[in-house]
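Okay, thanks for staying on, everyone. Let me put the model up and we'll walk through it together.

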Amino acid sequence: MIVLLIALLLVLFLLPNVWARWVLARHSRGRDDYPGTGAELADHLLRRLGIEGVKVELTEQGDHYDPETRRVRLSREHYEGRSLTAVTVAAHEVGHAIQHHEGYAPLIARARMVGVAQRAEKLGALLMMAAPFLFVLTRLPGGLAIVIAAAVISFGTAALVHLVTLPVEFDASFQRALPLLKEYVPPYDMPGARHVLAACAFTYVAASLASILNLGRWLVILRR
């Protein structure tokens, strides 16, 4: 039963990530009929929408929008690529820039929480590992439970950020990027564009599941 449960959890964790990678790869073939690269489309959209101060940059850290520096960052294959995946991913990241420009509350909340969550997750891992040793050293009644509760709260903060991220990603994909892409992508490519946009959002579903599984893993270890 335990083995079956573990297998099910692994499938739930892996499937969104595997599916997202497959979709992105499927539509990454170069297209001579596209007028520009992902970076060129992103820059064009920002200028057309009147979003000033946002720049498009090449990155090695994965596609993302940085609200602190106001940068749309694209990986090389999407920055230089002239494919359905490249232009769709670029439009998705511009979608985040639009959210920021319009003061979209969930994006602002996520930006504020990310730094806190990263520190909390590191603290949570440290507390989880230190809990048994602290209990042995202090022998305080309930001491171990307090430390474990603090660690759970720390990991829970990270999980909360991922949950807040999901509506942000789906909004960037389907409320912001999709209407823009309908003006630039041929109608016969739109089903593929929708799949790519869904893949962009579902990478964060995998991250959310990973965060929850990480918390569960530590709880199982400490119960032994």
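I'll take the sheet, then a loop residue, then a helix.

Quick housekeeping: this is a predicted model, so local features need pLDDT of at least 70 and side-chain atom pairs count only at pLDDT 80 or more, while totals for chains, interfaces and linings use all residues. Residues are numbered from 1 along each chain as its sequence is written, and side-chain values use heavy atoms, with hydrogens and water left out.

So, the sheet. It's an open one, three strands ordered β1-β3-β2, with mixed pairing. Strands here are DSSP runs of E, at least two residues, and helices are runs of H or I, at least four, numbered from the N terminus. Two strands pair if DSSP finds at least two bridges between them. At the edges sit β1 (55-59) and β2 (64-66), each pairing on one side only. Between β2 and β3 (residues 71-75) there are three bridges, and those two run antiparallel.

Now the loop between β2 and β3, where you'll find Arg70. Its phi is near 55°, positive even though this isn't a glycine.

Last, helix α4, residues 84-102. Of its 19 residues, 16 are buried, so the rest of the structure largely encloses it. Just after α4 comes Gly103, with a positive phi of about 70°.

Terms used: Expected span 1.5 Å × (residues − 1). Buried < 20%, exposed > 50% of the residue type's maximum accessible area, 1.4 Å probe, protein only.
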